[in-house]
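I opened this model to look up how its parts are held together. My entries follow in the order in which I made them.

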Amino acid sequence: MNFANLLNNYAEAVAMILFGIGFSNLLLQKNLMKKIIGLNIMDTATYLFLALKGYIEGRKAPVVVDGIQSVEAYVNPIPSGLVLTGIVVSVSVTALMLSLTIRLYRRYHTLDLDEISTRLKKEGK
Amino acid sequence: MDFIQNFPFMSIILSLFSGPLSSILNGKWAKRVNMAVITVIGLMSGSVLAYVLGTGQGFVYRMGHFSAPWGNEIRVGVLEAFMALFFCVIMLLCMLGGVAEREKEIEVSKQNLYYIMVNLLLCSLLALIYTNDLFTAYVFVEINTISACGLIMIKQNGRTIEAATRYMIMSLLGSGLLLLGICFLYDLTGHLLMSNIKEQVQMLAATGQYHIPLVVSLGLMSVGLAIKSALYPFHAWLPDAYGYSTLSSAAILSSLVSKGYIFLLVKIFYRVIGFNVICESKVIHVLFVFGILGMIMGSVSAIQERDIRRMIAYSSVAQIGYIYMGFGLGTEIGVVASIYHILSHAATKSLLFVAASGITDASGGSRQFRDLTGAGFRNKLAGIAFTVGSLSMVGMPMFSGFISKLLFGQAAMGHTHKMLPTLIALAVSTVLNAIYFMKTVIRLYAPGSGEEAMVEGRVIHIKEQPAKSVALVFFILLNLILGLNSEPVIRLIESGLQMFD
């Protein structure tokens, strides 16, 4: 293992740790709200990773303002585009999850998914 | 450029726009639009298939005429066109078979919303089949997930909402992993178009550079799509989602939605990474092991189930296991067998769902096994259809399931390490399949049971449902065609896979 690489790319390492935190929250938390928060942490970590990969040290955002048209002056714009698309997707799935949570809460007055399941099994429907 | 080359793009955009159109129509017209759109897209896919077979090579459709590597592309070969045609046929039959259930179970004011979801689902499936861009594939995977969630929860009771929530949670875990895998791959290669990525990946594999990130990215994408298509340890959401949603939703979810993800995985294997790199990586061993576990455990859960719909749902877990086992063999013929099993499972599972609803209708709406006794006499067509589906799932010659089992067996023959486990798993799984399917069939035709259904002392009358009967007859025919006339289909799949390169 070469730990020097880990230190050089500490930002990517942080993104992966955040992804792990979000993933395990989405998977393991019982509370639906905490699950949704986990989902958002997971998605945001991916965007952080993408943005880091598009960034090139010492260059600017790819918007031509002072007439410089050389490619060398700007960072890679594609990851930013991907991040934007990803944000749209994650906003819509978050909205869907929240609306499902509201539905479940109005019916069962709890946010605990496992409790809802056991109650459904008891009802036997 | 021939005009017919526009058809794949036009079919995607047609289904995409018919979604919003359905929102301003009432339920009846939305249904007609939906049926018409599926039929038109089916015809278009058929003509594309004929065109591609005629020219003998695939074509690339550049969106907005930007060439690679800048533009977005649609790529059509034999397999893609055939899959699109097949998915349209299955979807049309599923929608036809579930008409009565939809009218009964969905509120009148919300009927048109259902068709929005179906149109969007068709759009995303077509895009997953045709696209040549990995990030576009990710976006349509999410659209697929959202519309599938809508299909589950449209029948509003506690069960379906809970099932939809569980489905969303598992699916989002899967798509998170898929997105991360795509980001890794983009980072390694600098491309998003499948063909460009493949060049770079082949170069990396040849020089041995970035070996670990490549395997990690492949693993993330495979596991992500495996979670979304309910491979064995990730199947917890499946029985509820298939068991309690309305009939056409259950049929479409089991036969199309999970297959769309699997087809994307095939494309990733062949068009993004390259099959030689896949075979050298250890990822396929993992898929193989979980596929075999799924084959056994899915059947064991199905045997324990007392509810016919949930039993069929658990059987899906076993069949998905077959497909991943075929990938795990790491040979060309294994993948051919898996793709054939995608077709055969799609045709059989939707048949079983529709037939099971006919049977439960004839038993006073009860899905419990004890109430189903003699239902095959009361609803004759549904009984025959369920028997055909069961025999096909068990692997009786004449039906489609036999051919896919035969292909899996042939693929396993002569494999150095995986021959014995595959053959044993096939044998055990067939016996387990036979236990729960034949148990049901025997109960349906239990001798001496009454001609009329008696529920709590009342005689119930079975309403004639012509749409469902038509769908059942066509499903049976499709099964027989796939079972008796498999040679051309297999040749089609083989030539399609060759065209992938």
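**Entry 1: a pair in one helix**

I looked up E162(B) and found that E162(B) forms a salt bridge with R166(B), with the closest N and O atoms 2.8 Å apart. I count a salt bridge when a side-chain nitrogen of Lys or Arg is within 4 Å of a carboxyl oxygen of Asp or Glu. Both residues lie in helix α7 of chain B, four residues apart, about one turn of the helix. Helices here are DSSP runs (H or I, at least four residues), numbered from the N terminus. E162(B) is buried at 1% relative accessibility, and R166(B) is partly exposed at 24%. Buried means under 20% relative accessible area, exposed over 50%, and partly exposed in between (1.4 Å probe, protein chains only).

**Note on the model**

This is a predicted model, in which local features need pLDDT of at least 70 and side-chain atom pairs count only at pLDDT 80 or more, while totals for chains, interfaces and linings use all residues. Residues are numbered from 1 along each chain as its sequence is written, chains are lettered from A and ligands numbered from 1 in the order in which they are written, and side-chain values use heavy atoms, with hydrogens and water left out.

I then noted a salt bridge between K155(B) and E105(B), with the closest N and O atoms 3.8 Å apart. K155(B) lies in the loop between α6 and α7 of chain B and E105(B) in helix α4 (residues 99–105), so the pair ties together parts that are 50 residues apart in sequence. K155(B) is buried at 15%; E105(B) is partly exposed at 28%.

**Entry 2: the two chains**

How many salt bridges are there between chain B and chain A? I found two. In one of them, K53(A) pairs with D187(B), the closest N and O atoms being 3.6 Å apart. I recorded K53(A) as partly exposed, at 29%, and D187(B) likewise as partly exposed, at 33%.

For contact (heavy atoms within 4.5 Å), I have 30 residues of chain B against 36 residues of chain A. The area buried between the chains is about 3,100 Å², and carbon and sulfur atoms give 79% of that. Buried area is the accessible area (1.4 Å probe) that two parts lose on being put together, summed over both. R159(B), L173(B) and Y186(B) supply 18% of what chain B buries against chain A, more than any other three residues.

Key. Helix = DSSP H or I, 4+ residues; strand = E, 2+ residues; numbered from the N terminus.
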